[in-house]
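Let's look at how the two parts of this chain sit against each other. Here is the model.

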Amino acid sequence: MTQNDAFISIRNVNKFFGKFQAIADVSIDIQHGEFFSLLGSSGCGKTTLLRMLAGFESPTSGEIYIDGQPMSDVPPHHRPVNMVFQSYAIFPHLNVRDNIAYGLRKQKLARAKRYEMVDEMLELIKLPDYGDRKANELSGGQRQRIALARSLILRPKVLLLDEPLGALDKQLREQMQLELRALQKTVGITFVFVTHDQEEALTLSDRIAVMAQGRDLQVDTPTRLYENPVNRDVASFIGTMNFFDGTVSAINDGIAKVDAVGLGEVRAGNVPSGLRPGQSVCLAVRPEKLTVSENAPEAGSNARGLLENAAYLGERSHYYVRVDGVSQPVAVSAQNRQRADGKAEDKRPVWLSWDENAFVVLEDG
Ligand SMILES: Nc1ncnc2c1ncn2[C@@H]1O[C@H](COP(=O)(O)OP(=O)(O)O)[C@@H](O)[C@H]1O
Ligand SMILES: [Mg+2]
């Protein structure tokens, strides 16, 4: 049995292909009914991990539990999971109804019952009148919905989705994201969703495992991954982040005072346990948590810099500020709340300012 009440428990799993280690000591717990995503760049091991959940691959060491049962001796077709692939594996010569009912053929169900279940699925995926259509008369988005319905009709406890929206164009993908999320909440099935698209993961997921080179770097909610990344890799994989070196001068009530290169004294949260005064650390701050101004700011902490580059993007502008002692220009993003009357201009001395809770400490100093 598992040591906890997680619905899916991945315990110290390693996977080698020959001498190549594709998965390195991954431990992740997934709760019942969660929309859980595996996020990372191509080749980081997402599909390998998903295939081990499905039973198409076995861990070299470690154990996977689903619903309290160890899966090592359970073949794919006896696992309470179903997998949806990126290339919608539907049969072009069958109509939509028979495609969706395909997995039911081994269950001894009356034809009327089967068709009733298919009609329910067609309602659920918002294609109620499509039962008689040939699969090859459907758009990409419709085909992907049929593939989903074909998996869902089997009522698996877990649905595994490997970049299921990857083949769709941007607009359709965004629409399908919202539908997929709503669908998952309706059916209440645990989803394990693979994507390399950080925005997609943030939009859809209850929690996300950020992966790199076969490891899980951080498992957390979208908000915590964005606001409190544990290290540089997570911080720069999700959104844009500015980094500063510094030395801790004091720690009080979970807030570190840091003497930061180029900025002076900065207060930063997210302090790792064990951090001590005198240690050097890496600080991080998001572009939208900084403000650029020409005049000295009245409140908040601040520093001086030289505006090197400015880009007007309509609803917001991006600024790049050179600060003495900092190797990369500091990125700042500002909403254009006032109507702009000209281009954002660069090449002048400016002030950078920020609120008390803008900075966080990263673990990998
Ligand atoms: N059957 C296999 N044999 C050898 N190497 C594999 C096999 N499957 C995956 N890999 C390797 O393992 C790594 C992770 O692959 P994969 O899990 O498909 O990554 P992702 O889905 O994150 O893009 C890659 O370097 C890939 O080449
Ligand atoms: Mg993959």
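## The two domains

Domain bounds here come from an automatic or database domain assignment. For this protein chain, that assignment gives domain 1 (8-233) and domain 2 (240-362). Taken over C-alpha atoms, the centres of domain 1 and domain 2 are 39 Å apart. Nine residues from domain 1 and 10 residues from domain 2 take part in the contact, where contact means heavy atoms within 4.5 Å.

This is a predicted model, with local features needing pLDDT of at least 70 and side-chain atom pairs counted only at pLDDT 80 or more, while totals for chains, interfaces and linings use all residues. Residues are numbered from 1 along each chain as its sequence is written, and side-chain values use heavy atoms, with hydrogens and water left out.

## Buried area

Between them, domain 1 and domain 2 bury about 780 Å², with 46% of it on carbon and sulfur atoms. Buried area is the accessible area (1.4 Å probe) that two parts lose on being put together, summed over both. On the domain 1 side, Tyr226, Pro229 and Arg232 supply 65% of the area buried against domain 2, more than any other three residues.

The rule for salt bridges (a side-chain nitrogen of Lys or Arg within 4 Å of a carboxyl oxygen of Asp or Glu) finds one across the interface of domain 1 and domain 2. The side chains of Glu227 and Lys289 meet in a salt bridge, at 3.2 Å from N to O.

Terms used
Chains lettered and ligands numbered in written order.
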